[in-house]
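Please look over the structure shown here. The questions that follow concern the ligand and its surroundings.

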Amino acid sequence: MTRVVRAQVLAATTALLVVALAAVFAALRNREPTRPPPPTAATAAVVVADASNEAGRRAFDRLNCGMCHSIGGRGNTDSPLDGIGARRDRAAIREWATGTGAARDRLPASIVRRKARYVDDPDLEPLVEYLSRLK
Ligand code: HEC
């Protein structure tokens with residue numbers, strides 16, 4: 001091989017390499033990005049439900065319900081609320097949580113007084129919702 005031919009082969013190989021790299025690059029850049037499917041009404045409903053459950057769970061902690069009750073072993077296991085949603089309906093859960101209605105006569109007066117502070121809590125409904133789903 002003469003020097004000229006060798007130089008030509010080298011130039012051709014380099015050009016091919018550049019084209020090949022450009023093609024690989026273009027292919028990588030043009031690849032369809034993997035996006036999650038757009039939210040449907042169903043997924044939106046699940047998101048809302050999760051959000052209210054989260055607010056309820058946080059309210060349980062913030063209001064110190066765990067001082068006397070436990071959920072999943074967290075809190076005072078003397079009075080677990082696991083499965084409360086299967087034992088009582090939402091109205092009853094609300095009454096027992098706040099010491100009102102029928103629950104008022106069945107709870108010690110000191111507990112009724114303590115629970116009275118929950119009545120006006122802005123997160124009472126998410127809390128009741130959260131508990132009613134513990135089945
Ligand atoms: C100072 C103690 C105390 C605190 C704090 C307390 N509770 Fe109670 N709660 C009781 C007692 C006592 C009972 C009745 C006996 C039982 O069910 O264990 C009761 C009963 C309940 C019941 C009915 C349980 C069942 O099995 O039927 C629910 C629901 C409930 N409480 C929710 C709550 C929520 C929610 C909070 C926090 C916002 C809370 N409680 C805070 C003492 C407390």
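The questions and answers below describe the ligand site in this predicted model.

Q: Which pocket does the ligand take up?
A: A residue-lined space can be compared with the place where the ligand sits. The ligand takes the space of the largest pocket.

Q: About how much space lies in the largest pocket?
A: The largest pocket is lined by 20 residues, and His69, Leu81, Trp96, Ala97 and Lys115 lie nearest its centre. The space in the largest pocket is about 390 Å³.

Q: Which residues come nearest to the ligand?
A: A residue counts as near if one of its heavy atoms lies within 4 Å. There are 20 residues around the ligand, and those that come nearest are Cys65, Cys68, His69, Arg88 and Lys115.

Q: Which helix gives the most to the shell around the ligand?
A: Helices H3 (84–87), H4 (90–98), H6 (109–116) and H7 (124–132) each supply at least two residues of that shell. The helix that gives the most, with 3 residues, is H6.

Q: How many residues of the shell around the ligand are nonpolar?
A: The shell also holds 3 polar and 4 charged residues. The number of nonpolar residues is 13.

Technical notes: Residues are numbered from 1 along each chain as its sequence is written. This is a predicted model: local features need pLDDT of at least 70, side-chain atom pairs count only at pLDDT 80 or more; totals for chains, interfaces and linings use all residues. Side-chain values use heavy atoms; hydrogens and water are left out. On a 1 Å grid over the protein atoms alone, a cavity is a set of points where a 1.4 Å probe fits but cannot get out, and a pocket is an open set with protein on both sides within 12 Å along at least five of seven lines; lining residues have an atom within 4 Å of a point. A molecule sits in a cavity or pocket if more than half of its atoms lie within 2 Å of its grid points. Helices (H or I, at least four residues) and strands (E, at least two) are DSSP runs, numbered from the N terminus. Ala, Val, Leu, Ile, Met, Phe, Trp, Tyr, Cys and Pro count as nonpolar, Asp, Glu, Lys and Arg as charged, and the others, Gly among them, as polar. Grid points are joined across faces, edges and corners, and a volume is the space filled by probe spheres set on the points.
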